[in-house]
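I opened this notebook to record what I looked up, chain by chain and then between chains. The entries follow the order of my reading.

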Amino acid sequence: MNFWIIQGLNGLAFGSLLFILASGFSLIFGLMRIVNLSHGAYFMLGAYVGLSAIEAGANFWVAILLGGAAICILGTLIERFILRRLNGQPLAQVLVTLGIAFIIADACVWIWTGDPRRVPMPSELTGAFRVAHLAFPIYRLFVIGVAFALAAALWFLLERSRLGAMIRAGVDDLTMARAMGIRTSLLFSVVFCLGSALAGAGGVLAGPILSVYPGLDTDMLPLALVVVILGGVGSLLGAFVGSLIIGFIYSYGQALFPDLAYVILFLPMVLVLTLRPTGLFGRQAI
Amino acid sequence: MRAPAFNWVMWLVGLAVLLVLPWLVTSEYYVNIASQIVIAAILALSLNLLIGFGGMISLGHAAYLGVAAYLTIYLTAHAGFGQLSGAFIAISSTTVLAMLFGYLSLRASGLGFLMITLALGQILWGVAYRWASLTGGDNGLGGMERPHPFGLDLNQPTIFYYFVLFFLGVALLCIARFIQSALGQSLQGTRDQPRRMRTLGYNVWLIQWLSFVFAGFWGAVAGLLYAYYHQFVSPQALHLTTSAEALLMVIAGGTGTLFGPVVGAALVVILKNVISAYITRWLILLGAIFVAIVLFMPEGLLPGLAAWMRLLRERFHGGKKPTSVSAVTKDRVL
């Protein structure tokens, strides 16, 4: 019984990290039709930036802000000067983001070497939370809390604000949204900037749990893809539910059959693609 | 401006160069690189079936190379199968895998297809990496001997080169035949006008699926030869970078032509070997080439260079109004 609770919470924590990554990815894909294959690299680079900030003496919270801000600036520049030039050529955009992902990945090995590094945990969140005879790391509970708060904030942004209404209009019908006078180019910049910032900050947040190592990018990117395939394109709820499903499957899988944890990831994909190709909460086929 | 699939002069010149190559280069090192090029060319040819003739951009084509290579080595070196039965089982199981992956990937088209192929490919990589008891994990799987078909000693680099060249020849013939067949023609129809093809009563899904499986089969053949060449396989063979390299070969050579991928494979393999001899930063270069191709030569590297040359010539001779690069070649890859 304890095993199931502990692994369930671990799955929830991993799913939370995944949500922080995948929500931005899904929004960018839904609105801009860009499959941002650099997203995993943003996540990793954010973690490295945060790590360097901490090693230079900054505290953990400043490091998260710095990681998010650095990737936000990088993403905005890439969107403004590269992706926008390729507007309307989705496959060209995908290849550019793939190329950028390789460049970032190799540059990280260059700068931070190939050794795995653990981002130190903030001192106020170390230790374990005890209920009865169960102990659970406070930091993981904190990560879960952050993801739920983020989900609520994004929901509010998308469903209750004017900006969100414009984004939803863009996801549903871009041409129509433009015809109604919505400045879609500005919208694109905002969403790409937001998604990049989330990836960067999420990387720092993941640092104490996953640690940072070369290959973190290509470990996380396919999981984000699977989340979007499961949850549906451009759907916040889909990204949330998909992240938690993958988090649980991954966590239980690794604990129960460590060899096969990756094989099990095929299962939800096979089911969803066979039974409901639009994803659980998507309105359009991917 | 799509180049004709068949061009007999090109065929003969290319064939002659490939046949006399071991006499042109003296050292075994270069013969081995030539073998690598030939194997990569088979992989690129099969991917080009999807990209060039089917308009399906796959980022998971390393799956068939890697799975066939893993199966070949596992079966012959670790499970006690003979060379022939091992090769047969490896290729047929990989083709069955292509049937499953094709079924899943073709639930979507365009970007969705690309995402699913990438995700499936990377999950396979994760399986190879983590399932260490079966695949050796990061250390990979080795210990296999090259076979001795008909008494040929494949450990001899020159003989091995002709061995793989034979397969490339068969692949070229089969794929050329496929492209000209009714199925191949209708595949190109689904690439250009899927909706019209559907209206005309073609089963677009089936055409694409059969082509996907056919491409997977040739990817598996490349994997078999890869296993023979390296006598070793690691998760790297399944990694996204391997798929991306194959994609680069196709794009560099110009998609939708029969010979383009062969030239592209030569370019990428030579570049990779040359670069690796001096620095360890191949991945940065790979990324930079992708970005550069997309931004400056969307028609592909070879056609793009040709267009630039034409542009330069026009600038120098006879003051004709320079046409823009993409206006010269309307046939864009992307």
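The model is a predicted one.

Entry 2, the contact between chains. I found 31 residues of chain B in contact with 36 residues of chain A. On the side of chain B that touches chain A, α5 (111-130), α11 (240-253) and α13 (282-296) of chain B each supply at least two residues. Of the elements there, α5(B) gives the most, with twelve residues. I recorded the make-up of this side of chain B as 23 nonpolar, five polar and three charged residues.

I counted twelve helices and two strands in chain A. Read from the N terminus, the order of its elements is α-α-α-α-β-β-α-α-α-α-α-α-α-α. The radius of gyration of chain A is 19 Å, close to the 19 Å from the globule rule for 286 residues, so chain A is as compact as a globular protein of that length. Buried residues make up 51% of the 286 residues in chain A.

Entry 4, the strands of chain A. I saw that β1 (residues 128-131) and β2 (residues 134-137) of chain A run antiparallel and are joined by four bridges. A:F129 has A:F136 in β2(A) as its bridge partner. The two strands, β1(A) and β2(A), form a hairpin with two residues between them. In the turn, A:A132 has a positive phi of about 50°.

Key: Residues numbered from 1 in each chain as written. Chains lettered and ligands numbered in written order. Predicted model: local features only at pLDDT ≥ 70, side-chain atom pairs only at ≥ 80, totals over all residues. Contact = placed C-beta atoms within 7 Å. Nonpolar A, V, L, I, M, F, W, Y, C, P; charged D, E, K, R; others polar. Pairing = 2+ DSSP bridges. Rg over C-alpha atoms; globule rule 2.2 N^0.38 Å. Buried ≥ 20, exposed ≤ 12 C-beta atoms within 10 Å, placed from the backbone.
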